[in-house]
2 protein chains.
Amino acid sequence: MNISIIAIGDELLIGQVIDTNSGDIARRINPLGWKVNDVQVVADDADEIKRAIDRAFETSDIVITTGGLGPTKDDITKTTLCQYFGGEMVENPDVLENVKQVIADRGLVLNDLTARQAIVPSSCNVIQNIVGTAPIMWWERNGKVLVSMPGVPFETREMLDAAVLPMLIEKFPTNTAIEHRTLMVVGYSESLLAMKIADWEESLPPFLHLAYLPKPGLVRLRIDGQHQDKALLISEINHYHNHLVKMLGDNVLFDDDVPVEEILLLELKAHGLTLSTAESCTGGNIAHLLTSVPGSSAVFNGGVVAYSNDVKRNILGVSAQTLEECGAVSREVVEQMVIGACQAMKSDCAIATSGIAGPSGGSDKKPVGTVCIAVKTPGGIISMSHHFPGNRQRVIVRASMTALILAIEQIRALPKHQISSTVEE
Amino acid sequence: MNISIIAIGDELLIGQVIDTNSGDIARRINPLGWKVNDVQVVADDADEIKRAIDRAFETSDIVITTGGLGPTKDDITKTTLCQYFGGEMVENPDVLENVKQVIADRGLVLNDLTARQAIVPSSCNVIQNIVGTAPIMWWERNGKVLVSMPGVPFETREMLDAAVLPMLIEKFPTNTAIEHRTLMVVGYSESLLAMKIADWEESLPPFLHLAYLPKPGLVRLRIDGQHQDKALLISEINHYHNHLVKMLGDNVLFDDDVPVEEILLLELKAHGLTLSTAESCTGGNIAHLLTSVPGSSAVFNGGVVAYSNDVKRNILGVSAQTLEECGAVSREVVEQMVIGACQAMKSDCAIATSGIAGPSGGSDKKPVGTVCIAVKTPGGIISMSHHFPGNRQRVIVRASMTALILAIEQIRALPKHQISSTVEE
């Protein structure tokens with residue numbers, strides 16, 4: 001089954017809002033064995049929208065539009081679709097009932113403008129939006145389907161799962177199997193990794209395809225397979241996947257596509273350990289990543305964002321002398337920070353960062369991008385000094401990822417051998 | 001000038017990577033008075049890429065492609081463009097020199113695979129990529145231009161600013177003026193705001209257009225104008241903009257489109273105040289947002305992510321009795337957290353959050369989404385209890401934004417009157 005996505009909104013074309021809906025839809029379509037042919041992003045303009053629909057129907061069986069369904073004047077998707085598919089704009093009492101309910105659930109009173117959400121084209125089937133006021137609209141023409149969904153990302157995600165995908169699966173039963181395997185690989189650049197596995201890649205059968213997906217601090221390798229014979233596909237993809245895992249050994253950080261922070265939390269749980277963070281240059285980003293994972297409170301005790309030297313001294317117990325002699329950005333200081341974090345927050349393990357994220361604050365000896373990272377586990381303390389290229393945001397992200405990966409590696413090493421000395425990178 | 005953007009990559013169509021490049025390009029194109037007509041996202045597939053280019057040239061003078069320029073086998077943009085525009089793939093010595101330089105700057109040694117980045121179509125003009133190994137390629141046909149740029153976001157951003165945009169401006173001098181004004185408005189839902197300003201919106205001349213851009217905790221109103229007569233356009237857009245500012249009064253959080261965390265930092269600087277954070281349910285997100293802004297260290301002393309009650313007690317001095325009697329998610333606890341944060345981190349102001357982000361941990365009395373927020377300034381302490389809808393991520397984002405906005409309002413109120421009592425929402 002071929003799918004086209006059309007994201008509608010002027011704000012997307014001036015870059016004020018990033019279109020995350022299309023990715024959310026694609027991520028859900030993919031495991032069904034269906035293919036997203038293309039995404040078109042177009043303006044809140046009737047002609048543009050109609051042209052995009054024409055194009056989409058040329059190649060796809062299913063067209064999903066997002067956006068342009070608000071009650072304000074700039075949103076015209078609903079009336080444009082009414083012109084495209086015919087019918088009239090009429091008030092739908094079921095939608096009005098639903099809008100009233102959604103508004104009441106938010107503790108608000110329905111106003112006249114929001115009530116206009118209940119006016120829908122007579123030609124569509126309405127799917128009630130249980131998490132928002134914009135009705136979801138479904139049209140069929142020549143055996144093809146167009147579904148119009150809201151632009152608000154969580155509404156689109158929730159309603160895809162709750163209603164739209166189940167209805168599409170019922171309408172278009174499928175018989176091509178699709179499988180994916182993703183490996184997260186550390187310690188290689190994209191090109192060195194490609195050379196390492198060149199022979200293996202060359203040997204892939206035509207129905208298996210490899211993609212390189214670099215992320216800060218690692219490369220994800222994804223094997224995609226598509227075949228009518230599901231058993232054969234699974235057997236072959238497993239064979240090539242296992243071979244790759246063996247070939248890359250300890251460089252495989254994880255045998256699936258999972259956020260790095262989630263892998264660290266899994267390792268901590270598996271070892272029965274708790275964690276705290278002491279962040280200077282990463283400014284709370286590591287704590288934020290960890291606490292974004294549901295259930296993180298079971299192993300994450302807390303963190304300190306030690307931006308000023310006062311905080312490093314008073315809360316984390318870093319010695320004033322070390323700060324003076326070695327500077328805040330030093331392996332000595334981050335080593336004291338992990339010790340202080342474990343004591344102050346009563347944790348078994350700690351991660352600390354101190355660096356110069358820029359754009360100012362660099363020197364010849366410690367240029368912008370210099371970041372010291374330490375990890376403490378029951379096995380000991382390790383610290384490293386890195387230099388990361390790029391702007392402030394990139395340095396923060398790269399330092400956070402490197403620290404998380406180092407912590408994973410240290411905790412994984414625990415049962416095998418205990419680390420007691422510091423290691424220079 | 002009309003622009004089409006084509007983002008190329010299988011990973012975009014299965015949702016593994018979100019296309020942020022198109023937004024980055026659009027944000028830079030917009031102030032030039034040019035219009036991004038549409039964005040197409042297509043697979044690493046020669047036919048799809050060619051079809052997308054044909055479509056783009058139908059309506060646009062400038063086509064910018066991103067992605068598919070890596071040295072690995074799955075990247076085929078370069079050879080496809082060579083087929084499309086003609087010529088042969090040849091090694092370009094200048095590109096090879098540049099690739100060697102970029103690799104050396106990263107402290108790496110050039111390998112055979114990366115060296116293949118220097119093989120480019122003979123039909124294009126190459127723009128040296130000073131921050132990456134993928135060459136940027138420029139073709140002209142019938143007075144129109146296609147530029148092929150990398151998929152790595154920072155490379156595309158840097159090279160747009162450094163080379164591609166200046167070259168496009170030289171090639172296509174423009175004479176239509178474009179102006180934007182954006183207001184950040186708090187205290188209204190999108191629909192209530194639309195009703196409040198309906199008459200004003202109705203009175204806009206045809207060359208001015210209003211867009212509603214909701215964000216967590218606020219609505220951005222953007223006035224877009226386009227006219228041949230720049231002086232007239234500026235005079236008219238200023239007139240309508242000033243009227244809107246007057247009408248909305250204190251509900252205007254800021255008279256531009258700026259991250260909320262940046263507004264808070266500006267207010268702190270203007271008042272000569274320092275800040276610290278004490279976060280439970282927002283898990284470091286507020287500290288992360290603040291420290292993402294360059295120069296934040298001048299006013300942000302640090303933060304504590306007080307996930308466990310131990311950390312709330314030991315570092316922030318929250319009383320065990322209050323935790324026991326009122327629960328960690330209570331106005332009493334967040335009020336003690338801001339006091340403790342100011343003491344522990346020697347700051348003038350503090351923000352604290354404690355809540356139930358979910359998916360578990362809720363109760364009848366305090367359901368998932370309950371968040372208590374406190375702000376301390378030299379004027380006093382204010383605390384509120386909120387209930388935010390949605391999943392964990394939404395609750396974290398919404399709580400962070402609400403806390404930042406509350407802090408801005410409290411600091412702004414300082415010179416006028418001092419707040420000493422707590423206020424229920």
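**View 1. Polar contacts link chain A and chain B.** In this predicted model, 32 residue pairs are in polar contact across the interface of chain A and chain B, with both partners at pLDDT 80 or more. Strand β2 of chain A, residues 35-42, supplies the largest share of the side that touches chain B, namely 7 residues. Sorted by class, that side of chain A has 34 nonpolar residues, 31 polar ones and 24 charged ones.

View 2. On the chain A side, 89 residues take part, and they are in contact with 88 residues of chain B. About 7,100 Å² is buried between chain A and chain B. Carbon and sulfur atoms give 54% of that area.

**View 3. A salt bridge joins A:Arg55 to B:Asp38.** How far apart are the closest N and O atoms of A:Arg55 and B:Asp38? They lie 3.7 Å from each other. The interface of chain A and chain B holds 3 salt bridges by the rule used here.

**View 4. Chain A is divided into three stretches: domain 1 (2-171), domain 2 (177-254) and domain 3 (260-413).** Residues 4-171 of chain A carry the annotation "domain: MoaB/Mog" in UniProt, from an unreviewed entry. Over residues 4-171, chain A is 43% helix and 23% strand. Follow residues 4-171 of chain A from one end to the other, and you will find the end C-alpha atoms 16 Å apart.

**View 5. Domain 2 of chain A touches domain 3 of chain A.** Taken over C-alpha atoms, the centres of domain 2 and domain 3 of chain A are separated by 32 Å. The contact involves 8 residues of domain 2 of chain A and 10 residues of domain 3 of chain A. Together, domain 2 and domain 3 of chain A bury about 710 Å² between them, with 77% of it on carbon and sulfur atoms. Which residues of domain 2 of chain A lose the most area to domain 3 of chain A? They are A:Pro216, A:Leu253 and A:Phe254, which together account for 63% of what the domain 2 side buries.

**View 6. Now look at the residue classes and polar pairs between domain 2 and domain 3 of chain A.** Strand β12 of chain A, residues 252-254, gives the most to the domain 2 side that touches domain 3, with 3 residues. That side of domain 2 of chain A divides into 7 nonpolar residues, 1 polar residue and no charged residues.

Terms used:
Residues are numbered from 1 along each chain as its sequence is written. Chains are lettered from A and ligands numbered from 1 in the order in which they are written. This is a predicted model: local features need pLDDT of at least 70, side-chain atom pairs count only at pLDDT 80 or more; totals for chains, interfaces and linings use all residues. Side-chain values use heavy atoms; hydrogens and water are left out. Domain bounds come from an automatic or database domain assignment. Contact means heavy atoms within 4.5 Å. Buried area is the accessible area (1.4 Å probe) that two parts lose on being put together, summed over both. Helices (H or I, at least four residues) and strands (E, at least two) are DSSP runs, numbered from the N terminus. Ala, Val, Leu, Ile, Met, Phe, Trp, Tyr, Cys and Pro count as nonpolar, Asp, Glu, Lys and Arg as charged, and the others, Gly among them, as polar. UniProt positions are given in the numbering used here, feature names are shortened, and annotations may be inferred rather than shown by experiment. A salt bridge is a side-chain nitrogen of Lys or Arg within 4 Å of a carboxyl oxygen of Asp or Glu. A polar contact is a pair of N or O atoms within 3.5 Å; within protein, one must be able to donate a hydrogen and the other to accept it, and residues adjacent in sequence count only if both atoms are side-chain atoms.
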